[in-house]
Structures are given as C-alpha cells and as structure tokens.
Number of protein chains: 2
Amino acid sequence: MHSEAKTSIILVGPQMGENIGAVARAMKNWGLDDLRIVKPRDPWPNEKARAMAVGAVNIIDQARIFPDLSSAVYDLQYLYAASAGGRNLNKPYIYSKDLASEKIEQLKLGIIFGRENSGLTNAEIALANKILIINTVKDFSSLNLAHAVAIICYQIFTNSVDKVNNSPNIEVATRKDIDFFVHRLFSCLDERGFFQLEKKKNSMFTNLTNSIYRFAPITKSEVNSLHGILNILTKSDKK
Amino acid sequence: MHSEAKTSIILVGPQMGENIGAVARAMKNWGLDDLRIVKPRDPWPNEKARAMAVGAVNIIDQARIFPDLSSAVYDLQYLYAASAGGRNLNKPYIYSKDLASEKIEQLKLGIIFGRENSGLTNAEIALANKILIINTVKDFSSLNLAHAVAIICYQIFTNSVDKVNNSPNIEVATRKDIDFFVHRLFSCLDERGFFQLEKKKNSMFTNLTNSIYRFAPITKSEVNSLHGILNILTKSDKK
C-alpha cells in the first residue's frame with residue numbers, strides 16, 4: 001500500500017501527553033503530518049506532548065481535536081483500525097507486513113489507534129474498513145502506542161519507496177458522504193419502528209455501520225444510488 | 001534476514017531509564033530477550049526502566065551491563081550499527097527495509113544503538129560489520145531510541161515469518177576470537193614501532209578494526225590461519 005494523499009493518524013482517547021508527542025515525532029520521521037485526536041484525557045494543548053515531539057512540534061501544534069471518532073474521519077475515504085481485538089465483529093483484517101498488497105492507492109487514508117490501556121471499542125472498530133493487526137509474537141502483543149504508530153508509519157513509508165501508482169482514477173466517497181446516508185437510513189428505520197427494543201438500538205447501529213464499512217471503498221455515485229433507492233422506498237412507504 | 005539464534009540488542013550510553021524500558025517492551029513484542037547496556041548514564045537497576053517496560057520487566061531484570069562496547073559483543077558473530085552516521089568510515093551499509101536480503105542465517109547477531117542525543121562514535125561503528133540505516137524521510141531522520149529498536153525488531157520478526165533457513169553450517173568466529181587476534185596484531189605492530197605518532201594510535205586502531213569488521217563473517221578456521229601467519233611473521237622477525 002501507498003497513498004498519493006498523505007495518510008492521517010487518528011488517536012482515540014490517548015492518555016499521556018508524552019505518547020502523543022512521541023507519535024508526532026514518529027509521523028514526521030516517515031513524512032506524515034496530519035494528526036487528529038479524539039477526546040484526549042488531559043487538557044489540550046499539552047506541554048508534555050510538545051516536549052516529547054522534539055523536532056516535530058509543528059505536528060503537535062497543528063493537531064486537531066475532535067469530540068468523537070466519526071467527526072474525526074469525515075473527510076477520509078478508507079480507514080484501518082489498528083487493533084488485535086474486534087474478533088466478534090464480522091470485519092476483515094490485514095497484517096501490517098502485508099499492507100503492500102492493499103489496493104488503495106489514491107485514497108485518503110486514516111489509521112485509527114486506540115487508548116493505551118483498553119484500545120478501541122467495537123463501535124469504533126465498526127467505523128473502519130478493515131482491522132489492521134501489527135505482527136508481533138503471539139503471547140505479548142500489547143504495543144506501546146507510539147511504537148504502534150511508528151511501525152505503521154514505517155511500513156507505509158517503506159512500501160511506497162518501491163511502488164509506482166497506476167490505479168484508475170475513481171471518485172471515492174468520503175466518510176461524510178457515507179455517514180450522512182447511514183444516519184438517514186437509520187432515522188428512516190427508526191421512524192418506522194424497526195428497532196423494537198430501545199436498548200438494542202446501539203448494538204444494531206454498530207452492526208449496521210460495521211457492515212457498511214466492511215466493504216471496499218464506496219464511490220460517490222454509489223452513495224447517490226443508495227440515496228435514490230432510499231428516496232423511492234420511503235416514498236412508497238407513505239402511500 | 002532472520003536468525004536461528006536470537007538477536008541481541010546493545011544500547012550504548014542510554015540516558016533515560018524510560019527509553020530503556022520502552023526498548024525492553026519492544027523487544028518482547030517481537031520475541032527478543034537479550035538486552036545489553038554499555039555504560040548507562042543513570043545508576044542501574046533503574047526503576048523508571050522497570051516501570052516503562054510494563055510486561056517486559058523480565059528483560060530489564062536480566063539485562064547485562066558492560067563497561068565498553070567491545071566486551072558487550074564478545075560472544076556475538078555479526079554486528080550492525082544502527083546509525084545514520086559513520087559516513088567518513090569505509091563501511092558498507094544496508095537499509096532496514098532490505099534486511100531480508102542479508103545472508104546471515106545461523107549467526108549470533110547484535111544490533112548496536114547509540115546515545116539518544118549523539119548516537120554512536122566512529123570508533124564504536126568501526127566494531128560493526130555493517131551500518132544499518134533505518135528508512136526515514138531525508139530531512140527528519142532522528143529517531144526516538146525505542147522507536148528505532150522497535151522498527152528493527154519488527155523488521156527482523158516479519159522477515160523471519162516467511163523465510164526458511166537453508167544456509168550451510170559453518171563455524172563462525174565470535175567477537176572474542178577476532179578481538180583477541182586484533183589486539184595481538186596491534187601489540188605486535190606496536191612493539192615493532194609501527195605507530196610512529198603516539199597521538200595517531202587511536203585513530204589507526206579504529207581504522208584497523210573498521211577494516212576487519214567490514215568483511216563478511218570470519219570463520220574460526222580463518223582466525224586460526226591469521227594467528228598462524230602472525231606466528232610465522234613474528235618468528236622470522238626475531239631471527
């Protein structure tokens with residue numbers, strides 16, 4: 001895998017400023033600069049993050065803070081959730097060493113990393129297209145957050161060194177496009193009493209998003225078609 | 001590259017206990033456990049190293065401390081110096097992404113990492129067989145120490161996943177064997193007035209070791225031959 005657009009790094013709920021700084025330094029070592037942080041534990045800006053970033057303090061200063069993962073990835077087109085978990089989700093996975101085989105050139109990529117102690121929730125993993133598993137020994141797979149980011153940045157960078165991009169130019173939908181459709185669909189279903197048990201609504205939403213994002217990149221015209229289908233279905237419903 | 005014997009990690013002059021701990025954690029993620037530390041700045045044992053190691057505290061507790069690099073690598077057979085420097089030494093280099101192409105199976109390997117702020121000296125790099133350069137962008141190549149170790153451990157581990165070892169079994173000399181010869185040679189030269197300028201002795205020793213370790217692994221029988229040659233040369237010298 002390599003990407004014409006630069007890959008974005010998304011940290012969900014990072015706890016230690018030092019780790020965020022170390023992440024920024026690793027990003028800069030391998031040419032990335034778009035850092036997005038969802039609900040950091042400590043107040044932002046964070047001086048420990050700046051100190052640990054050393055020469056990459058510009059990435060810390062440009063980092064954007066988001067209230068949730070969904071809003072943090074709205075403009076991106078293909079997402080990996082770095083996780084050893086999510087095993088009870090029906091979601092494809094890839095090992096980091098095999099990233100070179102991914103056919104995702106020209107997409108705006110995001111790699112999502114979870115909390116130091118607890119990783120990503122299933123609801124967060126559901127938003128990704130694939131689970132990305134970093135190759136480690138089996139019995140000690142818990143990585144330092146900044147190490148995990150460093151490995152992925154390095155792997156993407158070294159993959160790109162030898163590659164030539166010759167994939168066709170298709171207009172892929174952004175997360176914003178798809179999320180808008182998903183929420184519209186969900187509202188339509190909700191209005192029509194699809195979710196009979198209120199308490200199961202959240203897990204059904206997770207399963208629905210998981211299904212949609214399990215597939216290969218969706219094009220803008222496909223999203224338009226989906227809206228068209230929903231238009232017709234909801235019109236006929238009112239008759 | 002992969003190695004039947006486990007690769008050893010050698011840290012020269014590390015300053016922060018936190019970094020040593022993070023190194024241990026990375027080693028354990030990728031199945032390594034032999035950590036050797038040359039002259040750590042702070043007293044040892046170091047509680048900050050133990051805290052940062054998380055589940056890899058056993059590696060910290062088993063780590064060995066050495067007074068100099070030479071004694072730290074005596075039992076090893078092939079050494080890489082992780083460095084972006086050493087450019088004025090005549091020493092071959094390899095990029096980390098190309099490690100898989102190295103033909104060093106069955107050797108006891110060591111990877112040497114330098115100080116956080118200043119890396120390795122030329123005299124230290126001279127002791128390695130090759131310089132190992134971690135692929136990064138050109139204008140920001142200064143890596144966090146633990147990130148550098150993590151990248152190399154990961155690269156060695158992922159290389160080994162797909163490889164089958166079928167190299168012939170040759171008995172390669174250890175560092176101890178070679179160093180013994182080098183020092184014997186150096187003494188012989190010194191006794192015979194080879195080093196006319198006392199102040200140039202150190203840099204000539206660095207150049208000599210650099211030349212010897214620049215070559216592919218030396219076998220035990222080759223070292224024996226060198227001793228035999230030196231025996232004959234010094235005998236004839238006394239006539």
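Hi everyone, some bookkeeping before the tour. Because we have a prediction, local features need pLDDT of at least 70 and side-chain atom pairs count only at pLDDT 80 or more, while totals for chains, interfaces and linings use all residues. Residues are numbered from 1 along each chain as its sequence is written, chains are lettered from A and ligands numbered from 1 in the order in which they are written, and side-chain values use heavy atoms, with hydrogens and water left out.

Let's start with chain A as a whole. Its secondary structure comes to nine helices and seven strands; helices here are DSSP runs of H or I with at least four residues, strands are runs of E with at least two, and both are numbered from the N terminus. Of the 239 residues in chain A, 52% are buried, where buried means under 20% relative accessible area, exposed means over 50%, and partly exposed lies in between, with a 1.4 Å probe and protein chains only. Contact means heavy atoms within 4.5 Å. Among chain A contacts between residues at least 6 apart in sequence, 86% join residues at least 24 apart.

Now the sheet, which I'll show in chain B. Seven strands make an open, parallel sheet there, in the order E3-E2-E1-E6-E4-E7-E5; two strands pair if DSSP finds at least two bridges between them. Strands E3 (64–66) and E5 (93–95) of chain B are at the edges with a single partner strand each, so one side of each has no neighbour in the sheet. From one strand to the next, the twist averages 25 degrees. Helix H1 (residues 17–29) of chain B packs on this sheet, touching E1 (8–12) and E2 (34–38) of chain B, and its direction makes about 155 degrees with that of E2(B). Those angles run from 0 to 180 degrees between N-to-C directions, using lines fitted to C-alpha atoms, for helices over the stretch in contact.

Back in chain A, how many residues of strand E2 (residues 34–38) are buried? Five of its five. Asp34(A), Arg36(A) and Val38(A) cover one side, with Leu35(A) and Ile37(A) on the other, and all are buried. Strand E1 (residues 8–12) of chain A pairs with E2(A) in the parallel sense over five bridges, and Leu11(A) stands opposite Ile37(A).

Which residues touch the most other members of the largest nonpolar core? In that set of 90 residues, they are Ile9(A), Leu35(A), Ile9(B) and Leu35(B). A nonpolar core is a set of buried Ala, Val, Leu, Ile, Met, Phe, Trp, Tyr and Cys residues joined through side-chain atoms within 4.5 Å. Beyond its neighbours within four places in sequence, Ile9(A) has contacts including Val23(A), Leu35(A), Ile111(A) and Cys153(A).

Finally, the two copies. A rotation of 180 degrees with 0.0 Å of shift along its axis superposes chain A on chain B, RMSD 0.0 Å, which is the relation of a two-fold axis. The superposition is by least squares on C-alpha atoms of residues with pLDDT of at least 70 in both copies. As 100% of the interface residues of chain A are also interface residues in chain B, the copies meet through the same surface. Met52(A), in helix H2 (residues 47–53) of chain A, is partly exposed at 30% relative accessibility and touches residues including Arg25(A) and Asn144(B). Thanks, everyone!
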